[in-house]
Amino acid sequence: MSTPPNPIQATSMRTHLCGQVSPADIGREVTVCGWVGRRREHGEHLAFVDLRDYSGLVQCVVDDSVDARSEYVVRITGTVRSRPEGTVNTSLATGEVEIGDCNVEVLRRADPPPFPIDERADGVDESVRLQYRYLDLRRPRMQKNLRVRSSVNSAVRSAMERQGFVEVETPMLVPSTPEGAREFLVPSRKSPGSFYALPQSPQLFKQLLMVGGVDRYYQIARCLRDEDLRADRQYEFMQLDMEMSFVTQDDVLEAVSEAVLSAAEAVLGERPPSIEKMTWHEAMDRYGIDKPDLRFGMELVELTDIFATTEFKAFAGAGSIKGIRVPNRADEFGRNQLDRLTDRAKSLGAKGLVWLKVTPDGLESPVAKFLSERETKDLVEALGAQPGDLCLIVADQWSTTCEVLGTLRNDLGRPPVHEGPYRYVWVVEFPLFVGVDTTTGRPKPGHHPFTMPHPDDVDRIETDPLSVRSIAYDLVLNGWELGSGSIRIHEPDLQRRVFTALGISQEEAASKFGFFLRPFDYGAPPHGGFAFGLDRLIAILAGEENIREVIAYPKTQSGSDPMTESPLEVDDRILAELGLRVLPSTN
């Protein structure tokens, strides 16, 4: 992975960055500033000081004892020279040289840090690292990640501006919206009892910018959602948000692809290939998930026809029978492990799981005796199974079969995020509606209720809503959903039909969405947009499994900040000024 170049940053206090002292500087007097990484004394009159700043580390040789301990801030002036023969450090960018005849000036003494400021800190409890985040940030890993983040942001901005997009800032204090995730509310001092919300996204405002004729908008937007935290989710997150007028889906995908591939090129040093595309149905059918990881095989294989006339009761009459092949791993799974796999499948909604080990003599499985010779032969051939492979089969309705095997595929085959190639894929044609609300009997929206139905399916909105596709699309990288978008409904009649299908009356629509829909009556262009999570993209490009490692000041998984000790209680006087009081928790 390439890292952004660091130009020499001479100031009145230094001539060079530590990591940029090179053989070209041999014989030159230089001054460097930074933190003491290590100090090694050889006798009374010789000391070696490893000095570190964000650019790297350089060895400094002091011909005297030096009072500069770990993490002291110092300025060192000396002459660059080649390291003595046999002492070159090939693992260090500055390993061919050292600074000799050094004069050391202590700029600030330091207490001993609570953990080592190097990669050994990876083993330190995360809450301790976050409590002392300002020290954690000194580590090379964190310095690299923050600069990867800066490079991605810069590349995204450049790509959007090359394509004629205009950066527009949208409000941070917005009205509470009735749809979407849980919001953070902000009380209004001027209007007691009333609240703003912090934006979950700029969705409504960016669409109104299209009504306003902006044509191409983008923003690196801060968004906030009061959702449970996990490896790829924080309360606060950054996204590349964009909207375009007079476009089709392909126009949006092309613009976003340019930004994403430019960001990857800025970090990796080479441009990834064009992003492939598949429909939602194909993704579910082949990978069992709508955010497929394409870096490994183990695709779901359709087996329903093979068992169309089977006498095996578990397969007879099943709507869908699919299987996956786990190559060369049959010997890893004893009976206990296979029982755990079966329990896992059941916990995901399957009635059961059929496993078969392929041996040179045939199939080893409790169900092998129930399969005909033809079924056995066709099964092995369809899965491409070889001796040593483990085959897993689920028989159920199509959605359950896909989802269960898709999860097992990821459980058994998915590599760490930093391994293998970077495989982007656009997933398109998501269902407009997903399932039925058991309370209202109405279909539930798959995206938001302003998503354009697929033109070929519009006639079925009232008669067969669950079969209607949308012009909605997700961008996926290595099994992580980066973001989603859609072409928006801009025609009032079609919007009313979708609202009616969802059970939203005209009165309710006016109450919930009136401020957003009314401007459309003044002439809304056809438009569509997208937003993707920059934190997730940056984490993958930096080789991190958790977005907290690419955010300067993240929250813990419980939502707290050990460094600032927030969230904190607020003084009663402040609450009274806002017309608030705290009630006992009901949780």
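Contact here means heavy atoms within 4.5 Å of each other. With that in hand, let's look at this predicted model.

Figure 1. Among contacts between residues at least 6 apart in sequence, 66% join residues at least 24 apart. The protein contains 13 helices and 22 strands, and its C-alpha atoms fill a box of roughly 90 × 75 × 55 Å along the principal axes. Of the 587 residues, 46% are buried.

**Figure 2. Helix H3 from end to end.** H3 covers residues 140-162. This helix has 23 residues and spans 33 Å from its first C-alpha to its last, close to the 33 Å expected at 1.5 Å a residue.

**Figure 3. Buried residues of H3.** Which residues of H3 are buried? Among them are Met142, Gln143, Asn145, Val148, Arg149 and Ser151. Further along, Val152, Asn153, Ala155, Val156, Ala159 and Met160 are buried too. A handy rule when viewing any α-helix: there are 3.6 residues a turn, so residues three or four places apart point the same way.

**Figure 4. Where H3 crosses H5.** The axes of H3 and H5 (residues 249-268) come within 8 Å and cross at roughly 140 degrees. The two helices are therefore oblique to each other, and their crossing is right-handed.

**Figure 5. Side by side: the residues that meet.** From H3, Val148, Ser151, Val152, Ala155, Val156, Ala159, Met160 and Arg162 take part. Their partners in H5 are Glu258, Ala259, Ser262, Ala263, Ala266 and Val267. Sorted by class, this contact has 10 nonpolar, 2 polar and 2 charged residues.

How values were computed:
Residues are numbered from 1 along each chain as its sequence is written. This is a predicted model: local features need pLDDT of at least 70, side-chain atom pairs count only at pLDDT 80 or more; totals for chains, interfaces and linings use all residues. Side-chain values use heavy atoms; hydrogens and water are left out. Axes are lines fitted to C-alpha atoms, for helices over the stretch in contact, and angles run from 0 to 180 degrees between N-to-C directions. Helices (H or I, at least four residues) and strands (E, at least two) are DSSP runs, numbered from the N terminus. Angles under 35 degrees count as roughly parallel, over 145 as roughly antiparallel, 65 to 115 as roughly perpendicular and the rest as oblique. A crossing is left-handed if the near helix is turned anticlockwise from the far one by less than a right angle, and right-handed if clockwise. Ala, Val, Leu, Ile, Met, Phe, Trp, Tyr, Cys and Pro count as nonpolar, Asp, Glu, Lys and Arg as charged, and the others, Gly among them, as polar. The expected span of a helix is 1.5 Å times one less than its number of residues. Buried means under 20% relative accessible area, exposed over 50%, partly exposed in between (1.4 Å probe, protein chains only).
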